[in-house]
Amino acid sequence: MIDVATWLELVALYQEYASALDARQYDRWPEFFTDECIYKLQPRENFERGHPLATMAFESKGMLKDRVYGITETLAHDPYYQRHVVGAPIVRGHDGETIESEASYAVFRTRQNEFSEVFNVGRYVDIVRRNPDGLKFASRICVFDSEMIPTSIIYPI
């Protein structure tokens, strides 16, 4: 069990993360993570069976920064907006410095002159660590429920 102040800080981390992505502030995305971190977008089936195959997998803040560079400077694609709806995090474990938590999410996508659509739905499975700057993700695995994914996933989930 964690204290209320820490839980509120955890909720703020989840909401600020979603808000930054929704506002297309991709340069802020790596700053939600520790220097040595894991970020994966992984199908539920692979996650539950312990298979390592992931749709996206990054192993450091440097790799996240490279992805941001790719998104903002090199990729050619039809732009779209994302909107994250994130449930309250559930704490699965806590040892004083590390929090194991998860939360359900839904990401909606809106393309220019089109209706919004459900883009990706699943749960975040996270390891969060306290740093001098506050709470940061040491590991974020976005476990998506569908066996089907759109032809491309450009932006972080």
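In the predicted model, strand S6 and strand S7 (residues 134-144) pair in the antiparallel sense, with 10 bridges between them. The two strands form a hairpin in which two residues separate S6 from S7. Within this pairing, arginine 129 has lysine 136 of S7 as its bridge partner.

Strand S6, which spans residues 117-131, also pairs with strand S5 (residues 98-111). The sense of this second pairing is again antiparallel, and 12 bridges join S5 to S6.

The helical part of the description concerns threonine 72. This residue is located in helix H3, which comprises residues 61-74. Threonine 72 has a relative accessible area of 42% and is therefore classed as partly exposed, since that class lies between the limits of 20% for buried and 50% for exposed residues. A polar atom of the threonine 72 side chain lies 2.8 Å from the backbone oxygen of valine 68.

The position of threonine 72 can also be described relative to serine 104. The two residues are separated by 32 residues in sequence, and their C-alpha atoms are 27 Å apart in space.

Note on methods:
Residues numbered from 1 in each chain as written. Predicted model: local features only at pLDDT ≥ 70, side-chain atom pairs only at ≥ 80, totals over all residues. Heavy atoms only, no water. Helix = DSSP H or I, 4+ residues; strand = E, 2+ residues; numbered from the N terminus. Buried < 20%, exposed > 50% of the residue type's maximum accessible area, 1.4 Å probe, protein only. Polar contact = N/O pair within 3.5 Å; in protein donor to acceptor, adjacent residues only side chain to side chain. Pairing = 2+ DSSP bridges.
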